[in-house]
Amino acid sequence: MQYTDAFALFVKIFFLMTPPFVMTVFLSVTKDSTVQEKHALAIRVTISVAIASAILLFFGSYIFSVFGITLPAFRIGTGAVLFLSAIEMINGDPQKIKIDGSASTLAIVPMAIPITLGPASIGAIMVYGGDLTNVSDQLIGYVAILGASICVGILLWLSRFIEKALGKTGISIMAKLTGLILSAMSAQMIFDGAGYFMIKALQESNLFK
């Protein structure tokens, strides 16, 4: 994996984690919390996401083997889930999301999973893990994913300042723009997976012989 590929992976995973949506939920959960509690929760969420991402990246290929799932098929499924998530972000209102529980108990569930690492981002990380065939590439890929996780954590740490600067309307607009980007990424994933099966079908139909 080249460093340019690692940077591209960092950008993709960062958008897949939907920072505006995560920030909106974080602000809702911590509205009655102190600054120290907000910072502590941001750190816990970041650590939880980093650990979960490592498991998905390094052991995703084994999960494929156990269930007999091919990478192109999983890519199509992930793209479909990502598209539904993108539509929900574009049409939905994250301000209306309500989560019960104190901020200190929500770091892993639901803040890390499934809000930051939702079905689409989990599937995407597993797909990338299946694409990376050697240890060095996996380590570089994980550094990129870890960087995306830390950036999301920094945004959560600074969320009260960002909310003051952008306002709830500004964050909502960012969420909808993120949804548009995710919809394009989902289409690309579906096309890549479908393209593999189309080429395979053409080869088996003797058109290339």
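How are α3 and α6 oriented to each other? In this predicted model, where local features need pLDDT of at least 70, side-chain atom pairs count only at pLDDT 80 or more, and totals for chains, interfaces and linings use all residues, residues are numbered from 1 along each chain as its sequence is written. Side-chain values use heavy atoms, with hydrogens and water left out.

The axes of helix α3 (residues 35-67) and helix α6 (residues 119-131) come within 7 Å and cross at roughly 65 degrees; axes are lines fitted to C-alpha atoms, for helices over the stretch in contact, and angles run from 0 to 180 degrees between N-to-C directions. Helices themselves are DSSP runs (H or I, at least four residues), numbered from the N terminus. α3 and α6 are therefore roughly perpendicular to each other, given that 65 to 115 degrees counts as roughly perpendicular, under 35 as roughly parallel, over 145 as roughly antiparallel and the rest as oblique. Contact, meaning heavy atoms within 4.5 Å, involves Ser 53, Leu 56, Leu 57, Gly 60, Ile 63 and Phe 64 on the α3 side, and Ile 122, Ile 125, Met 126, Val 127, Tyr 128 and Gly 129 on the α6 side. These residues divide into nine nonpolar, three polar and no charged, where Ala, Val, Leu, Ile, Met, Phe, Trp, Tyr, Cys and Pro count as nonpolar, Asp, Glu, Lys and Arg as charged, and the others, Gly among them, as polar.

Helix α6 also packs with α1, at an angle of about 160 degrees and with the axes 9 Å apart, and α1 and α6 are therefore roughly antiparallel to each other. Here Leu 9, Lys 12, Ile 13 and Leu 16 in α1 meet Ser 121, Ala 124, Ile 125 and Tyr 128 in α6, a set made up of six nonpolar residues, one polar and one charged.

Helix α1 (residues 3-16) has a further partner in helix α7 (residues 135-157), the two axes coming within 8 Å and crossing at roughly 40 degrees, which makes α1 oblique to α7. From α1 the contact draws on Ala 6, Leu 9, Phe 10, Ile 13 and Phe 14, and from α7 on residues including Ile 140, Ala 144, Ala 148 and Leu 155; the contact residues divide into twelve nonpolar, two polar and no charged.

Finally, helix α8 (residues 159-204) spans only 54 Å between its end C-alpha atoms, whereas a straight helix of 46 residues would span 68 Å at 1.5 Å a residue, the expected span being 1.5 Å times one less than the number of residues. α8 bends by about 95 degrees at Gly 167, the bend being the angle between axes fitted to the seven residues ending there and the seven starting there.

Notes
Helix = DSSP H or I, 4+ residues; strand = E, 2+ residues; numbered from the N terminus.
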